[in-house]
Amino acid sequence: MNYTLNPARYEQMPYRRCGRSSLLLPAISLGLWHNFGSVDDPVEAERMLLHAFDAGITHFDLANNYGPEPGSAEQNFGRIVKKQLSSHRDEMLVSSKAGHRMWLGPYGDESSRKNLMASCDQSLRRTGLDYFDIFYSHRYDGVTPVEETMQALIDIVRQGKALYVGISKYPVDKQLEAYRILREAKVPCLLSQYKYNLQVRQVEQGNLPTAAEEGTGFVAFSPLNQGMLTDKYLSGRIPEGSRAARPDGFLQRDQVTEEVVASSRRLSAIAQRRGQSLSQMALAWLLHDERVTSVIIGARTVEQMDASFASLQNVQFSLEELAEIDAACGV
Ligand SMILES: NC(=O)c1ccc[n+]([C@@H]2O[C@H](COP(=O)([O-])OP(=O)(O)OC[C@H]3O[C@@H](n4cnc5c(N)ncnc54)[C@H](OP(=O)(O)O)[C@@H]3O)[C@@H](O)[C@H]2O)c1
């Protein structure tokens, strides 16, 4: 059955300019790392994607290896877009990435030109799209010269396979080198994508201010620390169905430590005083920083997604609240 879109969908979502580019990104983007693979419920996946688009989410974040099975999130995304949203392609920003293990053999991993060029073609075939809006180097791999990886990104743009490029998880020195090479080729880095949330703050010391100073947008992934910044683990138990309980989830049970749970409990008390849930405060806290262009959420259900949208109602924090939050996180 065809989905009827809400004609007022763009009135609900704030959009932010991406660094020095004028491109607008929704404050909340949707990532398809989990919950859109071949092991997941295809009906809920379709509901979530359509619900997101209907709420003004225009940016969908993919990678070659998202699933499981690796590649199946791209396939499912392509299937849903073809079925329900094919006339809305120009309203969407679709990103994909290459750089983690995807296929067997020496070229199915890392950030060589060989890997990126082949992977981009494979991702286009899986999604059925003619081009990606943003194509990323998924990681600095520690061996490939940054120049080689960036030249592949530049050529992907010149071949019309992507409109913009981005980098993810580059250490600061390699991040700066990547920006310089891309700038000199007149294919400036649009986005820098890093893990950033209340409990994972490393980017504050380098990657985040560097992205801002260099004029690239910054997108924060795992803004809820894979679900640990929600109420679900506050009791100290791992609920059935949660990411930490899933055999194929990236969050391992032993990562839900007493220390993390204790910090989430302290943060939850602050959130309650603000009239927000812990997850809503976690997203709002990221968005109160204007250097953060967008937060890429993951969701397992439409209800989780709606709970995240409610965070947009209050992204203001007093200095006292910010200090209290830092103390609760042990910063
Ligand atoms: N560049 C990179 O290397 C990289 C790495 C990782 C992620 N990413 C991107 O970032 C995206 C988001 O990452 P993420 O999935 O880790 O984000 P996240 O928002 O930190 O975690 C999402 C998970 O939190 C739980 N959740 C969300 N809303 C909830 C709510 N209201 N109440 C209770 N639980 C809730 C769900 O897990 P349950 O199943 O437990 O309910 C959901 O799947 C990915 O899809 C991907 O696009 C990029």
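Helices here are DSSP runs of H or I with at least four residues, and strands are E runs of at least two, both numbered from the N terminus. This is a predicted model, in which local features need pLDDT of at least 70, side-chain atom pairs count only at pLDDT 80 or more, and totals for chains, interfaces and linings use all residues. Residue numbers start from 1 along each chain as its sequence is written.

**View 1. A look along helix α1.** With 13 residues, α1 spans 18 Å from first to last C-alpha, close to the 18 Å expected at 1.5 Å a residue (1.5 Å times one less than the number of residues). Buried here are A45, M48, L49, H51, A52 and F53; buried means 20 or more other C-beta atoms, placed from the backbone, within 10 Å of the residue's own. Their cover includes β3, α2 (72–85) and α9 (302–309). After α1 comes G56, with a positive phi near 95°.

**View 2. Strand β3 and its partners.** Welcome to β3 (residues 28–31), where I28 and L30 on one side and S29 and G31 on the other are all buried. Pairing takes at least two DSSP bridges between strands. β3 runs parallel to β10 (residues 294–297) over three bridges, and to β4 (residues 59–61) over two. L30 bridges to I297 in β10 and to F60 in β4. From β3 the chain passes through α1 (residues 42–54) to β4 in a right-handed β-α-β crossover, that is, clockwise over the helix from first strand to second with the strands pointing away from the viewer.

**View 3. Around A220.** Leaving aside residues up to four places away in sequence, A220 touches Y194, Y196, N197, L286, V292, V295 and I296, contact meaning C-beta atoms, placed from the backbone, within 7 Å.

Conventions
Buried ≥ 20, exposed ≤ 12 C-beta atoms within 10 Å, placed from the backbone. Contact = placed C-beta atoms within 7 Å.
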